[in-house]
Amino acid sequence: MAEKNTMKRSLKTRHLSMIALGGSIGTGLFVASGSAISTAGPGGALVAYLGIGLMVYFLMTSLGEMATYLPVTGSFATYARRFVDPAFGFAMGWNYWFNWAITLAVDISTVALVMKFWFPHIPSWIFSLGALLIIFTINALSVKSFGEAEYWMALIKVITVLVFLAVGLLTIFGILGGHATYLENFAYKDAPFVGGIPTILSVFVVAGFSFQGTELIGITAGETKDPEKSLPKAIKQVFWRILLFYILSIFVIACIIPYTSPNLLGSEASDIAISPFTLVFRRAGLASAASVMNAVILTSVLSAANSGMYASTRMLFSLAVDGDAPKMFSRINSHGIPVFALLGTTLVGLFTFLASIFGNQVYSFLVSASGLTGFIAWIGIAVSHYRFRRAFKAQGHELSELKYKAKWFPIGPILALILCILVIIGQDIQSFKDFNWQAIGVSYMSVPLFLILYIYYKVKYKTKLIPLEQVDLTPHDISKEKLEKQVKIDETLE
């Protein structure tokens, strides 16, 4: 086994695009989008998704600027450590690893729920363990096998959304399914905006969870073939595709199904029979709509588990390289896989899954504890980018030196930061109104856990906010990395 510099840069632009798409197009779009329309009405849902979409755009461009300058596997945890404060990077890295390790367990549990649709009499754990084995194998082979698997699984989702949009538009105009609806559901009862600003804000939370996973593209920077070209290209493609998919899908659903329909209330993978996608396909005359959508949901969940395994493994590896996790997790094999980090993450996913069978309270606690960690990671991206750009200017650098520049600085990261904080606060406003401290503890558990990690490191190592003039802006030289790798190969051949 060799050290860190044998990571293989095998991921291409097409892999990156689909990895980010695969991370964000899932049950949030296929099932939970209906509940957003039901809560805030068609107009309210569109405003919420547009708002979160704008925030994600700024986050992606911020991440793109830093990732092309410093294309490393640790991504925003490394940026937080170098541009803000080592304690911030430590907390950000462990926070993100924990998030995806728990999400992996949730996803393999969801696989069993989805499979129950076809095989109700087979024990659930068989499907979950089978899924975990498949995901582990894909990630253990090579980074290219992960990229290819994610590409094809994401492609199935993309094709489904495109077919749905085509069928939906034909249904709106009455070409399929009989009666044309046009925009009549936008003027039905209290539509388009139901419940005003408070309900739109509550849907911001739903929309925010739907977009989680887009930041995965940053984690891939350390294994991307030509990051300076591939990352900006993938970021541009991904943002517009995601926004169009979400906004157009919600528009189609809102046109065809009135916001008062009880069928829009499903939000879990087990609610596939009343998924808005299933209902629209059925109305257009597709008899086997539920089975088709169930297969797509299965692909989505496996894709999310695959991405989760990859992201958490790479983050654990990066933490070990920085000395924030046991050194053995930084070891990688001849295939370029951090194999101990992969095994460690798999074991945590497995134990969490077993907790769902034998100790449901422990499982519920872990899931609640990981609830807002994705938004905390987004805050980390916004703060790191703000500090990076200010340090860049403070140290006399010109923006022309950057291979990729995020637009609208500093408005972008500041707006993203404010919206992320609003979404975190809005997670469970009702609990504050009712003074329900138990519910508050469950909903907001991620925040104190992050603060505990941050304070622990800060007190132990007495770190401070890095002055802008002292921020380490040493760029990552890809050509030097390739040369070092070639020297290592030549030494081995000798």
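# Briefing on an all-helix chain model

The chain holds 20 helices and 0 strands, and its radius of gyration of 23 Å is close to the 23 Å that the globule rule gives for 494 residues, so the chain is as compact as a globular protein of that length. This is a predicted model, and every value below is computed from it. The C-alpha atoms fill a box of roughly 70 × 50 × 45 Å along the principal axes.

**Overall packing**

- Of the 494 residues of the chain, 57% count as buried, and among contacts with a separation of 6 or more, 81% are between residues 24 or more positions apart.
- The chain exposes about 20,300 Å², of which carbon and sulfur atoms supply 69%.
- The disulfide count comes to 0; two cysteines, Cys255 and Cys420, are each buried, because Cys255 has 0% relative accessibility and Cys420 likewise has 0%, where under 20% counts as buried.

**Salt bridges**

- The count of salt bridges comes to 7, and one of them joins the side chains of Arg81 and Asp324 at 2.2 Å, N to O.
- That pair links distant parts of the chain, since Arg81 belongs to helix 4 (residues 75–83) and Asp324 to the loop between helix 12 and helix 13, 243 residues apart; both Arg81 and Asp324 are buried.
- Asp85 and Lys458 also meet through their side chains in a salt bridge, at 2.6 Å from N to O, and this pair connects the loop between helix 4 and helix 5, where Asp85 lies, with helix 19, which holds Lys458, across 373 residues.
- Arg314 forms a salt bridge with Glu223, with the closest N and O atoms 2.8 Å apart; Arg314 is in helix 12 and Glu223 in the loop between helix 9 (216–219) and helix 10 (227–256), 91 residues apart, and both are buried.
- Salt bridges with shared partners join Arg81, Asp322 and Asp324 into one network.

**Helix 6 and the nonpolar surface patch**

- A nonpolar patch on the surface is formed by Phe117, Trp118, Phe119, Ile122, Trp125, Ile126, Leu129, Ile357 and Phe358, which together have about 860 Å² of accessible area.
- Helix 6 (124–141) and helix 13 (339–358) each supply at least two residues of this patch, with helix 6 giving the most, 3 residues.
- Ile126, in helix 6, counts as partly exposed because its relative accessibility is 39%.
- Ser128 is also found in helix 6, but Ser128 is buried, because its relative accessible area is 0%; leaving out residues up to four places away in sequence, Ser128 touches Ile108, Ser109, Ala112 and Phe353.

- Ile337 sits in the loop between helix 12 (289–321) and helix 13, and it counts as buried because its relative accessibility is 0%.
- Apart from neighbours within four places in sequence, Ile337 is in contact with residues including Asn139, Ala140, Leu141, Ser142, Val143 and Arg314.
- Helix 14 (residues 360–369) has Tyr363, Leu366, Ser368 and Ala369 buried, and the elements covering its buried residues include helix 5 (86–115), helix 13, helix 15 (373–394), helix 18 (437–443) and helix 19 (446–461).

Note on methods: Residues are numbered from 1 along each chain as its sequence is written. This is a predicted model: local features need pLDDT of at least 70, side-chain atom pairs count only at pLDDT 80 or more; totals for chains, interfaces and linings use all residues. Side-chain values use heavy atoms; hydrogens and water are left out. Patches are made of residues with over 30% relative accessible area and no salt bridge: like charges are joined within 9 Å, nonpolar side chains (Val, Leu, Ile, Met, Phe, Trp, Tyr) within 5 Å. Accessible areas come from the Shrake-Rupley method with a 1.4 Å probe; for residues, only the protein chains shown count as cover. A salt bridge is a side-chain nitrogen of Lys or Arg within 4 Å of a carboxyl oxygen of Asp or Glu. Helices (H or I, at least four residues) and strands (E, at least two) are DSSP runs, numbered from the N terminus. Buried means under 20% relative accessible area, exposed over 50%, partly exposed in between (1.4 Å probe, protein chains only). A disulfide is a pair of cysteine sulfur atoms within 2.5 Å. Contact means heavy atoms within 4.5 Å. The radius of gyration is taken over C-alpha atoms; the globule rule is 2.2 Å times the number of residues to the power 0.38.
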